[in-house]
Amino acid sequence: MNGDHDARGTRPSRGLALAAAVLVAVTGCSWIRGCAETRLEVEPLHVSDRSAPVTFTARLTADGGPVARARVHFFARIGAPGEKLGEQIGDGTTDADGVARLVRRDGVAGLVLPGKRAVGYSAQFATIGEVGGRDYCWTEASAPITS
């Protein structure tokens with residue numbers, strides 16, 4: 001089966017495919033009183049070579065717009081889907097579009113010990129203090145890594 005077609009051999013609409021590809025987590029209540037609700041978006045990551053350089057991305061928004069100059073933490077999920085076993089793999093700072101990036105030159109294979117496998121990743125925004133003169137609430141999002 002061609003990756004651009006569904007099981008019936010038809011091509012799904014691009015809008016539905018894009019909506020299905022983006023996984024989002026929206027924050028709940030935060031311990032910071034009066035903080036602005038935030039939202040992180042990450043996409044599933046497909047790698048054909050687990051040792052090739054890879055870029056993790058996450059987009060942070062609040063009130064429908066991007067949040068710039070915010071630190072986002074990235075974590076690898078190790079093991080089977082649904083397990084929360086993992087470790088922090090690095091940080092990225094959001095640009096003017098609210099996008100944070102983390103480049104790993106050693107690929108997803110470099111995230112784990114031999115015999116283990118990175119099956120997903122997550123991004124987390126957890127601020128103490130202000131970003132650009134405003135307090136924002138905590139949020140996180142996660143997505144699978146496939147090969």
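Guide: Two strands pair if DSSP finds at least two bridges between them. Helices (H or I, at least four residues) and strands (E, at least two) are DSSP runs, numbered from the N terminus. This is a predicted model, in which local features need pLDDT of at least 70, side-chain atom pairs count only at pLDDT 80 or more, and totals for chains, interfaces and linings use all residues. Residues are numbered from 1 along each chain as its sequence is written, and side-chain values use heavy atoms, with hydrogens and water left out.

Visitor: Which residue in β7 does R77 stand opposite?

Guide: Strands of a sheet pair through backbone hydrogen bonds, either parallel or antiparallel. Here β6 and β7 pair in the antiparallel sense over seven bridges. The residue in β7 that stands opposite R77 is G86.

Visitor: What is the order of the strands in the open sheet of five strands?

Guide: The pairing in this open sheet is mixed. Its edge strands, each pairing on one side only, are β3 (45–46) and β7 (86–93). The order is β3-β10-β9-β6-β7.

Visitor: How many helices and strands does the protein chain have?

Guide: Along the sequence, the pattern runs α-β-β-β-β-β-β-β-β-β-β. The secondary structure therefore comes, by the DSSP runs defined above, to one helix and ten strands.

Visitor: Which residues does L45 touch, not counting residues up to four places away in sequence?

Guide: Contact means heavy atoms within 4.5 Å. With that exclusion, L45 touches V54, T55, F56, V108, Y121, P144, I145 and T146.

Visitor: Where in the protein chain is confidence lowest?

Guide: The predictor's confidence in each residue, from 0 to 100, is called pLDDT. The chain averages 79, and 72% of the residues score at least 70. Confidence is highest in β8, at 97. Over residues 1–22, pLDDT stays under 50. The lowest confidence, at a mean of 39, is in helix α1 (residues 14–21).
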